[in-house]
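Hi,

Here is the structure I promised to pass on. Have a look at it first, and my notes come after.

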Amino acid sequence: MLEKIVALLTDFGSRDVFVGIMKGTMLSVDASVRCVDLTHAVPPQDVQTGAFELYSSYRYFPVGTVFCAVVDPGVGSERKPVAVETSRYRFVGPDNGLLFPAVNDDKIKRIVSIENEDIYQRPVATTFHGRDIFAPAAAHLAAGMELERLGPVQKSLIRLDFPEQVQTAGGLKLTFLYIDTFGNIVLNIRREDLNRFLTGRGFDLRIGSLHITSLREHYTQAEMGELFLIDGSFGYLEISARDQSAADILNVEPGDTGILSRQ
Amino acid sequence: MLEKIVALLTDFGSRDVFVGIMKGTMLSVDASVRCVDLTHAVPPQDVQTGAFELYSSYRYFPVGTVFCAVVDPGVGSERKPVAVETSRYRFVGPDNGLLFPAVNDDKIKRIVSIENEDIYQRPVATTFHGRDIFAPAAAHLAAGMELERLGPVQKSLIRLDFPEQVQTAGGLKLTFLYIDTFGNIVLNIRREDLNRFLTGRGFDLRIGSLHITSLREHYTQAEMGELFLIDGSFGYLEISARDQSAADILNVEPGDTGILSRQ
Amino acid sequence: MLEKIVALLTDFGSRDVFVGIMKGTMLSVDASVRCVDLTHAVPPQDVQTGAFELYSSYRYFPVGTVFCAVVDPGVGSERKPVAVETSRYRFVGPDNGLLFPAVNDDKIKRIVSIENEDIYQRPVATTFHGRDIFAPAAAHLAAGMELERLGPVQKSLIRLDFPEQVQTAGGLKLTFLYIDTFGNIVLNIRREDLNRFLTGRGFDLRIGSLHITSLREHYTQAEMGELFLIDGSFGYLEISARDQSAADILNVEPGDTGILSRQ
């Protein structure tokens, strides 16, 4: 039996029934659809963070999975609801950049604007396209509907790019892409980039008045209280502290920066 | 294959293993039952809020879904565990009003008191009927058991009604039914009721010393800082503020009221 | 159709995508695996609490369920990833005591160290064995793989025992095993142990300067403000307060103690 998997990512939180209602709506389209939660705790309306989380997660799912992603400050306005087919997956969500890093990474094959009102859950609330447009579209795709039946082809998507490393007089400026629940800080540099930059020398990563100079292979190698770099599970280097929140120690937020230099 | 869907609504929270244990218990009855979470964050023992959330959600699920709802301050005392068959669904929970608005809306066909101890998970803890009575009852129903096998028919249920609009000298008194995670305030008035009340004129909704006079079609139409009415996804008008919590601005709670008048 | 159920218990929280990624990884091994959440809110790195929650939950799941438990302060270091077959279930997790109470209770049949890198998700991050080792191992077991194919047999596991009752001059010293979301305090004594200890007399349980002297059959029997014992759903006596958090009233934490004496 072919499994019809829909993975969900939203900023709806888990207190209200919104996510449950989306699942009910999908099951009403096809009761054999299987919903898997990626997260519903994207910070409200934080498209950049949602995009990073979707980009970081999608590749672990089986080929054919449909992703239904809703972080949608413009709900009910002129932004388009879209469905995107990539090399291995399909994605449904608002065209506001949320899907872009993931679909661009997996190679975009086709994009449609979800304008076929026959698949909408009616009446459509202007405040809850998650229930009325995105959930049924995702369920129909999972159940086998062709992408083009959702609406007309559109050429491109709103872009959203993660911040790049910037060469400055003082060193390489790095940006904090994401901070997880434990306070680990994801940097926009991969380990191989660091190695190339260092050419065998040591490093100094300066954040405000604090300096990080060690790279650890796993958490238990670090001293208590030490801030260190580690090769994180998202594929980027992360700043961590053993049994503590590095983000709390440094008092930083996503989007803040540090300066990396050779020693 | 017939899908055996059980939708769950409780006030058990998601920190403890209680909900996981309920799911295990259902899977032990029939391993092909599929559990879908509506919410587990009903405020503890808040039957009124749970009843509103169940009422607002049930209709989005496929016909045949079994709802297992547990907000049960009287657990272990004389209140009855009941199962209700309606036009399209079945519901399991305590007879304390929690199920009433939903089952009444979908039309009650049969009610039984769950007294058949053969289906109980044993031993029955007086503090956790969710695990020992409601979960197995819901799973047996989903797996095809007839309602009457759960216990003797009972005639009626404890009623729970949402607060009604009240005509006062100053205007129409509206009550706040629900406040969502984002601080949107659900009023006990639908848009068509408002239109009928206004007969083409403008409106003033007074909450304490603040006045709301605008109705928006979607969030992005509103000014920053503006409090406005919007036709919400629950089917009622809601008070919202763009990118802010209306409930925080107004400092109100469910059950609080406002006065609506024509302008 | 045989259901392939994997029950998950972690300390990853529900804010990040870590749990969603683990589920994606399992579905990539076998898309018909069904993941059930036990909890993801074990206090970070609190192996003792996780062990109690797993021990208290496992028996409600159908025979054959695979448990994937990850509370793993030593991730990436020399602690072993293990898989354990018991009388009725299989368990996957770090060999740090987390699995011990559950597998010991259900009777250990075989233990293997998960060293077969063919089943790992590659590349293996030193910080996320949940994704790269435990999730695929659990999915392979659920899908039918023999335990021995995961790696070489190992003789024993790191033990973790719950605190025992201690006879002291002042009475029987009891330890608080667990405190749930509602503030109910689980004691390391069962009702039949209490009855045996009391030999028909009354009791006094002293915690700091407060005394508990009543045992209730259900919550609604208690007075408002009263602290009382009740036979809890975990199979142990619990300290509760009606509509209040007993733990807040007593200002205690797991691991704290009280003194029980006959009256």
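This is a predicted model: local features need pLDDT of at least 70, side-chain atom pairs count only at pLDDT 80 or more; totals for chains, interfaces and linings use all residues.

Residues are numbered from 1 along each chain as its sequence is written, chains are lettered from A and ligands numbered from 1 in the order in which they are written, and side-chain values use heavy atoms, with hydrogens and water left out.

The interface: 31 residues of chain A and 29 residues of chain B are in contact (heavy atoms within 4.5 Å). Chains A and B bury about 2,500 Å² between them, 58% of it from carbon and sulfur atoms (accessible area lost on being put together, 1.4 Å probe, summed over both parts). On the chain A side, R15(A), V17(A) and T127(A) lose the most area, together 24% of what that side buries. The residues of chain A that touch chain B split into twelve nonpolar, 13 polar and six charged (Ala, Val, Leu, Ile, Met, Phe, Trp, Tyr, Cys and Pro are nonpolar; Asp, Glu, Lys and Arg charged; the others, Gly among them, polar).

Then there's N188(A), which counts as buried because its relative accessibility is 7% (the cut-off is under 20%, 1.4 Å probe, protein chains only). Its side chain reaches the backbone nitrogen of T175(A) at 2.9 Å. Beyond its neighbours within four places in sequence, N188(A) also touches others, including P163(A), L177(A) and Y236(A).

Cheers

Conventions:
Buried area is the accessible area (1.4 Å probe) that two parts lose on being put together, summed over both. Buried means under 20% relative accessible area, exposed over 50%, partly exposed in between (1.4 Å probe, protein chains only). A polar contact is a pair of N or O atoms within 3.5 Å; within protein, one must be able to donate a hydrogen and the other to accept it, and residues adjacent in sequence count only if both atoms are side-chain atoms.
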